[in-house]
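Here are my notes on the model, as numbered points. Please read them with the structure open.

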Amino acid sequence: MTTRFGDYGGQFVAETLVAPLEELCETYDQALQDPIFRAELDHLLTTFVGRPTPLTRLQHLGIEPHGVTMWLKREDLTHTGAHKINNAIGQALLARRLGKRRIVAETGAGQHGVAVAAACAYLGLDATIYMGSVDAARQRPNLQRIELLGATVQLVDQGTATLKDAVSEAIRDWIGNPDTTHYLLGSALGPHPFPRMVREFQSVIGQEAKQQFLDATGRLPDAVVACVGGGSNAIGIFSAFLDDRVRLVGIQAAGDGRGARGKHAAPLVYGTPGVLQGMRTYLLQDDNGQVELTHSIAPGLDYPGAGPEHSHLKDIGRVEYLTADDNEALNAFVALSRNEGILPALESSHAVAGALRIAPSLPRGSQLLVNLSGRGDKDLTTAMDALDTRKDA
Ligand SMILES: *Cc1c(COP(=O)(O)O)cnc(C)c1O
């Protein structure tokens, strides 16, 4: 298995991680070939995660006069409320196969932490979740959920005390305990084989969505739209359509919308290639290669890099990467809630905002498929505060 996607990816790690990564590659390859592993994973996806998730046709978003129809793939309806559980349950099963009963993971918004804690509780594994202390303060309900699900939370005060620092600490833990511990990375990021493995575990989104779309309409969508933080929900849905004549659009977070350094999280739009956390990929970095600060109203998009496969898909022109800013995401959050009865995560609201932006330019009769990566309950405080600020302004 190649470790790269074109010029991106690779395994830029400390020597102590080479052997554990090799072991992970071998076990993962064997597991993929093993019908028993596949069957067990499918069983868990059905009985624990709640798959298949439905496809919903929207009716009142305001694009109907343009003759454009939008459909949502409903990852918000999975157990724990976002696509992250697909990968968490897959890797937890893999950890068991590796004979490792301790899991470490990073979390930013807490969604991945909740998914890992739930998967580990169900499969009887110990979980330690690293979380930046700044994130822990602004995502208290998820911190409480993680603890209720029996995982240990380790707060991280280093650096900006956010996601990137939590990743570094989780890796440090793994380096110290490779024989007992599996690092359950939450997005299509990091050193090989994580980007391929996470893509594989998320590809169920695209496989289901493609079949459901064909069943509902008799054809493929004209465009598929997904938000891109690390890139796992996007690559999960895109993977089924890469060889089809379907336009693929990734939406990154433009933050305050002015493209200024430190005020957005759109490396695939404003970044340059560099090395971070084990991979070569597009990054937000200064001229000396120092990683820059990021901002997005959606905590799950607030990361300075994107998965290496997305960097490759950008360079070869197979996927377009556009942005939606905090305001547009908030508008989409309100519009989807009021007009369709679906409260989206702020991350997913970026995908909806991007789809709403391109809809008027599409030919009449076009069909858009949008991945609704998660539900918005976790974002109520953030969204209500932002809407109040808007009223005051
Ligand atoms: C974490 C998260 C994201 C961003 O992660 P990707 O790996 O880019 O998918 C998007 N949506 C939701 C709901 C999330 O929790």
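Which residues of β4 lie on one side and which on the other, and are they buried or exposed?

1. Basis. This is a predicted model: local features need pLDDT of at least 70, side-chain atom pairs count only at pLDDT 80 or more, and totals for chains, interfaces and linings use all residues. Residues are numbered from 1 along each chain as its sequence is written, and side-chain values use heavy atoms, with hydrogens and water left out.

2. Strand β4. On one side sit Thr-69, Trp-71 and Lys-73. On the other sit Met-70, Leu-72 and Arg-74. All are buried, and both faces of β4 are covered. Buried means under 20% relative accessible area, exposed over 50%, partly exposed in between (1.4 Å probe, protein chains only). Six of the six residues of β4 are buried, so the strand is largely enclosed by the rest of the structure. In a regular strand, side chains alternate between the two faces of the sheet.

3. The sheet. Six strands form an open sheet in the order β3-β4-β14-β9-β10-β13, with mixed pairing. β3 (55-57) and β13 (319-324) are the edge strands, each pairing on one side only. The twist averages 25° from one strand to the next. Helices (H or I, at least four residues) and strands (E, at least two) are DSSP runs, numbered from the N terminus. Two strands pair if DSSP finds at least two bridges between them.

4. Pairings. β3 and β4 run antiparallel, joined by three bridges. Arg-57 has Trp-71 as its bridge partner in β4. β4 and β14 run parallel, with six bridges; Met-70 stands opposite Leu-368 in β14. β10 (residues 247-253) and β13 are also parallel, over six bridges. There, Leu-248 faces Val-319 in β13.

5. Helix α8. This helix (residues 194-217) lies across β3, β4 (69-74) and β14 (367-372), running at about 140° to β4. Axes are lines fitted to C-alpha atoms, for helices over the stretch in contact (heavy atoms within 4.5 Å). Angles run from 0 to 180 degrees between N-to-C directions.

6. Cysteines. The whole structure holds zero disulfides, a disulfide being a pair of cysteine sulfur atoms within 2.5 Å. Cys-25 is buried, with a relative accessible area of 9%. Cys-120 is buried too, at 1%.
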